[in-house]
Each structure stands twice: as structure tokens, then as C-alpha cells.
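Open the structure in your viewer and keep the sequence panel beside it. The tour below goes from one selection to the next and says what is there.

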Amino acid sequence: MKKLTGVFEAKKKNGQTYYRSSITYKGRHISLGSFDIAENAHRAYLEADRMIHEPQHFSIDLLETYFSDSDKSKKSPGKSFAKIDMLSFEKAVILLNFRDNDIYFHSPIYLYKNYFHYYLAANYHLTFDKEDLFYYSSHKIMRRGNHLFVADYGMQVTIASRYGIRNFAVKDRDYRFINQDETDYRYSNIEIINPYHGVLREGTFGNYSYRVLIHINGNYIVGIYDNVETAAIAYNKAADLCHQYGINKKFPVNYIETMSPKTYAEIYSGITVSESFINMLTSGCNR
């Protein structure tokens, strides 16, 4: 049997034969996938070869449209996008980016001038600034429902947390996407409104105040403060007071990373909390 281009026979641990497909382009040996029969592995090679050498039939925009169409049989070669049967969408993105931008990534990333798209599916991609390229080219983004995360040093790290969006945050209350696109994680598109636990910003057009609430068996008002850092420290002080009065609950802690310990201590000692909150503590109604 004549050897098919781009096809390599291999064996599984149980002795079963399968076929690996690969192509060499710009000096790089690129794996295209594994297949049960040699003919399919060869077809994957031919699709990759056409994608690389026939840019008039293959572009990233047409690729999105092609793979998003549930009935690909309606697509005919030579019209909008040449037919693809064997290559995965992810591998196709990787090849097109390498062809167009001369940079090879193992992740489904496509570069533009000042940003890039990371594809999780043909009809779903995330947008990032180029300064995040190193991180996402070496960390695979995973999706579970609406939960987006990467594995980092054995831990699940949410995508949102990299941009100051904390686990407790509520969209349009604690943060917002300025252009309303929840898949656009460019720094200029993310506004953090309330960066701390228990702090709610109130007011408009820069004339803001910060209301602090603490949840015990319901929400209690700790006070209203002029700036967000003082409000964050007020929350911490309220949590400490709860513990002093015997409320056995684990409260989150606000960390003000830019503040020195001395300044923190001075603000902490000078903070007053609402009389109603103190009355609740001294009455013992929440113990």
C-alpha cells in the first residue's frame, strides 16, 4: 500500500493501530490529530495544506461562519469557505493564526493589531489585550457553564479574578463591561465599581459615597463613608466587632494592598460604626 502523505502509523497500548496526521510548515512540525483510518488522517493533511496555501478560500471570519453553521453540507468549496471535515475548529484557528501572523500557539488564539481572540467555540470567543498574550498562550481556558477558568499551579483561577472581578461581585453593581460585551476582557472595557466585600458605591457623576453592609442573619448597615478604602476598613472593623460579641461566623477580609500598616491602623482606630449596628451587637439578637 502506498504511503499517504502526512500520515504515520502508530500503536495504542492494547496493540490497536491508529494513524497520526501532521504537516510541516514554516519549519515547524504540526500535529493535526489522530484517526482510526489512514485515509482520514490523509484528508486532515490535505485540508491543512489547502488552508495554508490557499488563503483566498480560508480566513478567520469565514472559518467562524463555517463551523457555526449546523448544516455544513450547504457549504461548497470555492464559494465562501472550502470544505473541512477532518480538522477540528481549534486546530484550524491555530493554523490560520500561524499562517497570517507568523506566531505559533498551541491554544486557539488569533492575533489582531492590539488585541487577540481566544476561541472556545466557533460562535464563542473572548477578547483580550495583547499584554495578556503570554499568559493565555500558556494557560488553557476552560468553560463550565458560565464559569471560565484556567488551571494555574494546580488551582482553578477564574478569568474574571485576573481583572479585579471578585467571586462575590454582581454585574452592574460591583463591576460592568463598558461596551456591554461580557466576552470583552480588555482592560479599557472593565470598570470595577465596588472592589471590596460589603461595600456599595452610591451617587452619580463622581459624587460618590460608600455604604457598608455586613451579612449575619440578614444585612446590617455598618455606616456610610466618603471613600472606598475607609469603607473597606469599616467592613473589617465590623467583622472584628461581630467576633468580639460572640458571633461565630467567618467573614471575608478586605485587603488594601496599596496602604501601609500604619495608615491602615490609624484609619481603623478612627472609624465609627452606626449606632443601630452596635445596638444589634449588644442586644445579642444575632447570637
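**Stop 1: a tyrosine in a strand**

Select Tyr124, which lies in strand β6 (residues 124-129). Helices (H or I, at least four residues) and strands (E, at least two) are DSSP runs, numbered from the N terminus. The model is a predicted one, in which local features need pLDDT of at least 70 and side-chain atom pairs count only at pLDDT 80 or more, while totals for chains, interfaces and linings use all residues. Residues are numbered from 1 along each chain as its sequence is written, and side-chain values use heavy atoms, with hydrogens and water left out.

Is Tyr124 buried or exposed? Tyr124 has a relative accessible area of 19% and is therefore buried. Buried means under 20% relative accessible area, exposed over 50%, and partly exposed in between (1.4 Å probe, protein chains only). Now show the residues in contact with Tyr124, leaving aside neighbours within four places in sequence: Tyr118, Tyr119, Arg143, Leu148 and Thr183. Contact means heavy atoms within 4.5 Å.

**Stop 2: helices α2 and α3**

Glu64 is among the residues of α2 that meet α3. Select helix α2 (residues 60-68) and helix α3 (residues 89-101), whose axes come within 11 Å and cross at roughly 175 degrees. That angle makes α2 roughly antiparallel to α3. Axes are lines fitted to C-alpha atoms, for helices over the stretch in contact, and angles run from 0 to 180 degrees between N-to-C directions. Angles under 35 degrees count as roughly parallel, over 145 as roughly antiparallel, 65 to 115 as roughly perpendicular and the rest as oblique. To see the contacts, show Ile60, Leu63, Glu64 and Phe67 in α2, which meet Phe89, Ala92, Val93 and Leu96 in α3.

**Stop 3**

Go to Ala44 in helix α1 (residues 38-53). Ala44 counts as buried because its relative accessibility is 0%. Not counting residues up to four places away in sequence, Ala44 touches Ser21, Leu32, Phe35, Met86 and Leu87.

Next select Ser22 in strand β2 (residues 17-25). With 7% relative accessibility, Ser22 is also counted as buried. Which side chain does Ser22 join through a polar contact? The partner is His29, at 3.3 Å. A polar contact is a pair of N or O atoms within 3.5 Å; within protein, one must be able to donate a hydrogen and the other to accept it, and residues adjacent in sequence count only if both atoms are side-chain atoms.

**Stop 4: helices α5 and α6**

Select α5 (228-244) and helix α6 (residues 261-270). These two helices pack at an angle of about 65 degrees, with their axes 9 Å apart. α5 is therefore roughly perpendicular to α6. In α5, Thr230, Ile233, Asn236, Lys237 and Asp240 meet Tyr264, Ile267, Tyr268 and Ser269 in α6.

**Stop 5: helix α7**

Finish at helix α7 (residues 275-283), where Phe277, Met280 and Leu281 are buried. These residues lie on the same side of α7, because they cover an arc of only 95 degrees around the axis (the arc is that of the directions from the helix axis to the C-beta atoms). The buried residues of α7 pack against β13 (207-215), β14 (219-225) and α5. On the other side of α7, Glu275 and Ser283 are exposed. After α7 comes Gly284, with a positive phi near 75 degrees.
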